[in-house]
Each structure stands twice: as C-alpha cells, then as structure tokens.
Amino acid sequence: AYGQTGSGKTYTMGSTNSNSLLQEQLGILPQVIRQLYESIEEHCKQAEFLVKCSFVEIYNEEIKDLLHPDTPSKSIFIREDANGDIILAGVREEVATNFEDMTSFLEHGSAFRTTGSTLMNQHSSRSHAIFTIIVEQRSLIDGTVGNDIITAKFHLVDLAGSERAKRTGAVGMRFKESVTINSGLLALGNVISALGDERKRGQHVPYRQSKLTRILQDSLGGNSRTCMIACISTSNINYEETLNTLKYANRARNIRNKPIINRDPRALQLNQLRLEVKALQEELLYIRMGSMGHDQMNGDNTQKQFLTDLRLRADISVDEMDEIQKVRCRILKSEQECLKLRQELQASQLLVSKLQEEILSLHAERSNYQEMQNMVQAESKEWKARALLIHKQHAQLERDHQTLKEELENTKSLMHKSGLGIRLSAHNVRELSNDHVDLRTSVSLPPSRGNPIYIGIM
C-alpha cells in the first residue's frame, strides 16, 4: 500500500487491531490470512502444509523484529542465498497452525510498531512494515508424504506515507524520520522505474539503495507477482500528492514478471532420476528380450510373464527408492531438530555464563562489604577502647580534683586558724579549674608582721 500520510494505508492493509471490526471492515491482511487457511482446509487431503510468518519494520534504516522486540537491530542482516532469494538473518519465524494464531502474531507485532503524531495524522506510521507469510506444501500420495515440495512467500507491505515537512509540521526527530521515509520511497520508485520502463530493461536495478528495496528485491523483480494499492485523498488541497501517487502506481503496473512454481530442487531432481531409471529399465527389458533365443520367445505367455517379472522388479526398485527418500527425510528432520536443540543449548549456555558472571560479581561485592564491615567493626572496637580509656582518665581526674579540693579546704581552715591570709594567682586558679595535677598556692603573712612566708602545696 502506497500513498501520502493520512490517506488510510494502515487501515487498508488491516495491520491494526481488528477484533472490534466487522467482517466487511477487515483490511487486506486479515482477509488474506482467512482465505489462506480456508484454502488449506480444502486441500488438506491432497497435501500437507506448513505455514510460518514474520513481522519486521524498517525505522530510520534499521530493521526491527516486531514479533521479538528484544532482538537488537545490529544482529539482523540481509543475506542472499545461492538461489537468489533474500533472507533476513536474525529474524525468527513463528509457526502458525490456524487463523487465530497468525492474527495474534499480527496484532502482537502491530503493538510494537513505531508511530508518531503530526499535523496531518495523529497516529502516523513512522516506519515501513513488512508482514511475511511462508507456505510450504508437501504432496500426499496414498496418505503418505511425497517428495514434491512447493514453497510460496507473501510480502504484505504497509509503507510509511510520503510527506512534506511544511504540511506535517515535522521538526527535530519527526523531521529526521520524514527524511528517511522519503529516501526509502524514492529508492523504491527508482527500482520500479528501472523494472517497469522498457527503455531501461537490462540495465542495473538499484536494489541496494535502501534496505526496503533490498528486502523486497525478490518480490519486485524476482519470481513473483507484484500488486500495489494506491491510497489517495479526495481533498482538493491534496491534489498534487494524489497525482504523484497515481503516477507512482502506474509505473508499478508496468512491471512484468514471469513467475514459476517454487519446487524443491532436490525433489525435482529425484523425480527426474526416477523417470530416467524407469526408461533405462524398459530399455534393458527390450535388450534382454532381443538377446533371448527365438524358441524362448515363441509363446505370448512367456513374453508376458517376462515383462511382468521385470516390471515387478522395477516397481520394487522404485519402492526401495521411496523408502530411501523417506529415510532421508527423517534424517533431515532429525538434523533440523538437532540444530534447534543445539541453538537452544547455546542460548542456555550463554544464559548460564551470564548468571555465573553475575554470581561472581555478587560474591565480589559481598566480600567487599564483608571487608568494609570488618573494618568498621575494628574501628568501632578501637573507638570503644579509646572512649573507655578517656572515661577512666576522666574518673581519675575527678578523683584527683576532689582530693585537691579537700586539701585546699584543709589548708584554708588551717590558715584561718593560724591567722594567715591566702592569695591565689589567676594562673593557679585556671590550673585548678582545668584539673591540672600541679596546683600552686601562694600564702603571705600580713604586711604588719614583716617578711611574707610562701607555702607551696603540690
């Protein structure tokens, strides 16, 4: 779906939540999914089907797995296999067995799609979304799975709308998104022009200009059919954008591809070998008939019996080849299961290694905390010892102070009894008040009695 922003592409494709919509209001995606499973149900007796899906978006030239949002964009790469098919390495495909499973995957992925608000659309899609459905069909012969495998892939694309910054009012991050969107659409237009213009056929097709055209390479110019839905606006103010959209779609209409059925090359080669073996067996039959004598081949019954025996041997050899092919299929399935188990084992080992690293870091933090706790406890014991020592010293000073006071009182009383005056210097008083051990008191006689007498008290 292509068109300007706000023209209804997401609604037309039906990549939003469709639970509340009526049957006639469903978009392209739900209708395609419903029709696919209805067709599978009709042909379930003729073939066995395997349906897988994936859902990605291209936002600012980065690919994001919408079904597994935890997958980092840097781990997703675009690859091309030997057959020329484009593969997204790192994007996981989910198996959907019925309509409800696939619609739940569609709604789950749509919930993680990047949207934003502009002046033209309140819920504008800011990325190109690609919902891919892969169908594998194996033919059933007499109730058993045959060797014929047919594969089909559907790319259902909801392109972000082309927009002009003047009309959308995009600034900052929104402006950067609009530049990336328009660049991707321009690259897609160049690829469509190269494929649809007869004058440019045979020339280089610029698939690698953007990740959008690279992913859609096999859907645009490969073994496929391309259909574009042009979403336009009926407003006169959008006349120029509407005209550009129609020109864009007209160029896409000129793409002419000749798709063929995608068959498994190994199964195709096996069928060719079967036909070749049957032709060689018939040739061997006629050679043996010619080498036998005329007398042995006179009767029709003998000839018929000989032919029957040879055909029986040929059927036995074909049955043996069928049995060998079945064993090969079983081996292939077992190898695939082993590969899946190895991948799960690697993921589990990575998880275990991460947990071990976390446990080691926690142990290191625990040891650091224990060391800090021991240091704090040692400092606490040291401070307690210091406090106890200070307390003892303080108690001793109190006792000394009390003793000094008592001696001073005794001295004072003795002096009063003897009629002597006591004179204390300021320094002596300060020493006494600060609990110094050395206390000096000067005592002098009255001036009328002659020379003073000094008494030192320690």
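User: What should I know about the model before we start?

Analyst: This is a predicted model: local features need pLDDT of at least 70, side-chain atom pairs count only at pLDDT 80 or more, and totals for chains, interfaces and linings use all residues. Residues are numbered from 1 along each chain as its sequence is written, and side-chain values use heavy atoms, with hydrogens and water left out.

User: Why is H5 called oblique to H8?

Analyst: Helix H5 (residues 173-196) and helix H8 (residues 239-253) pack at about 40 degrees, with axes 8 Å apart. Under 35 degrees counts as roughly parallel, over 145 as roughly antiparallel, 65 to 115 as roughly perpendicular, and the rest as oblique. So H5 is oblique to H8. Helices here are DSSP runs (H or I, at least four residues), and strands are E runs of at least two, numbered from the N terminus.

User: Which residues of H5 and H8 meet?

Analyst: Contact means heavy atoms within 4.5 Å. Leu185, Leu188, Gly189, Ile192, Ser193 and Gly196 in H5 meet Tyr248, Arg251 and Ala252 in H8.

User: What makes Arg214 and Glu80 a salt bridge?

Analyst: The term asks for a side-chain nitrogen of Lys or Arg within 4 Å of a carboxyl oxygen of Asp or Glu. Arg214 and Glu80 have N to O at 3.3 Å. Arg214 lies in helix H6 (residues 211-215) and Glu80 in strand E4 (residues 77-80), so the pair ties together parts 134 residues apart in sequence.

User: Is Arg214 buried or exposed?

Analyst: Buried means under 20% relative accessible area, exposed over 50%, and partly exposed in between (1.4 Å probe, protein chains only). Arg214 has 10%, so Arg214 is buried. Glu80 has 40%, so Glu80 is partly exposed.

User: How do you know that Lys153 forms a salt bridge with Asp218?

Analyst: Their closest N and O atoms are 3.0 Å apart. That distance is within the cut-off, so the label holds. Lys153 sits in strand E10 (residues 144-158) and Asp218 in helix H7 (residues 217-220), 65 residues apart. Asp218 is buried, at 11% relative accessible area, whereas Lys153 is partly exposed, at 35%.

User: Why does Glu240 count as partly exposed?

Analyst: Its relative accessibility is 46%, which falls in the in-between band, so Glu240 is partly exposed. Glu240 forms a salt bridge with Arg164, with the closest N and O atoms 3.1 Å apart. Arg164 is also partly exposed, at 38%.

User: How many salt bridges does a search of the whole structure find?

Analyst: The search finds 11. Arg126, Glu163, Arg174 and Glu177 are linked in a network of salt bridges.

Key
Axes fitted to C-alpha atoms, helices over the stretch in contact; angles between N-to-C directions.
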